Amino acid sequence: MATINQITSVQGDKTLIIAMEELAELQQALSKFLRKRPDMDNLHEEYADVLICLEWIKQYCQLDDEEIDKWYLYKRQRVNERYMNGEL
């Protein structure tokens with residue numbers, strides 16, 4: 001199995017294009033879900049594809065795990081605060 005580093009090194013900028021396409025496919029699957037026409041197998045597949053692509057993005061853009069964790073915790077707290085304040 002190829003490593004994430006091998007894939008992003010060979011694919012280059014194409015990695016980000018593929019990631020955008022996969023995000024769009026998940027968006028389409030979610031739209032069908034909301035329209036009460038879900039294809040749950042497809043939704044699971046597209047979700048998994050996006051998880052893989054998020055790893056590609058992290059590697060290709062050299063994102064820092066600690067920085068991601070910091071922002072994740074901040075955003076989670078902010079969402080919770082907004083929910084508790086009735087903003088969501």
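## Cysteines

Cys61 counts as partly exposed, because its relative accessibility is 38% (buried means under 20% relative accessible area, exposed over 50%, and partly exposed in between, with a 1.4 Å probe and protein chains only). This is a predicted model, in which local features need pLDDT of at least 70 and side-chain atom pairs count only at pLDDT 80 or more, while totals for chains, interfaces and linings use all residues. Residues are numbered from 1 along each chain as its sequence is written, and side-chain values use heavy atoms, with hydrogens and water left out.

The other cysteine to consider is Cys53, which counts as buried because its relative accessibility is 4%. How many disulfides are there? The count comes to zero disulfides (a disulfide is a pair of cysteine sulfur atoms within 2.5 Å). The sulfur of Cys53 has its closest cysteine sulfur in Cys61, and at 12 Å that is too far for a bond. Cys61 is likewise in no disulfide, with the sulfur of Cys53 as the nearest cysteine sulfur.

## Helix 2

Helix 2 covers residues 14–34 and has 21 residues (helices are DSSP runs of H or I with at least four residues, numbered from the N terminus). At 1.5 Å a residue, helix 2 should span 30 Å, and this agrees with its end C-alpha atoms, which are 30 Å apart (the expected span is 1.5 Å times one less than the number of residues).

Which residues of helix 2 are buried? They are Thr15, Ala19, Glu22, Leu26 and Ala29. These residues lie on the same side of helix 2, because they cover an arc of only 80° around the axis (the arc is that of the directions from the helix axis to the C-beta atoms). What covers the buried residues of helix 2 includes helix 1 (4–11) and helix 3 (40–60), where contact means heavy atoms within 4.5 Å. The face turned away from the buried side of helix 2 carries Met20, Gln27 and Leu34, which are exposed. Just after helix 2, Lys36 has a positive phi of about 65°.

The structure holds one aromatic pair. It is formed by Trp71 and Tyr74, with 5.7 Å centre to centre and 85° between the planes, and it is edge-to-face (rings of Phe, Tyr and Trp, the last by its six-membered ring, pair if their centres lie within 6.5 Å; planes under 30 degrees apart are stacked, over 60 edge-to-face and the rest tilted).

Trp71 and Tyr74 are separated by about one helical turn, because they are three residues apart in helix 4 (residues 65–84). Trp71 is partly exposed, with a relative accessible area of 45%. Tyr74 is also partly exposed, at 46%.

## Salt bridges

The count comes to four salt bridges (a side-chain nitrogen of Lys or Arg within 4 Å of a carboxyl oxygen of Asp or Glu). In one of them, Lys70 meets Glu67 at 2.9 Å, N to O. Lys70 and Glu67 are three residues apart in helix 4, so about one helical turn separates them. Lys70 is partly exposed at 45%, and Glu67 is partly exposed at 36%.

Lys58 forms a salt bridge with Asp65, whose closest N and O atoms are 2.8 Å apart. Lys58 is partly exposed at 23%, as is Asp65 at 43%. Glu87 and Arg82 meet in a salt bridge at 3.5 Å, N to O. Glu87 is partly exposed at 44%, and Arg82 is partly exposed at 30%. Salt bridges that share partners join Glu55, Lys58 and Asp65 into one network.

Technical notes:
Helices (H or I, at least four residues) and strands (E, at least two) are DSSP runs, numbered from the N terminus.
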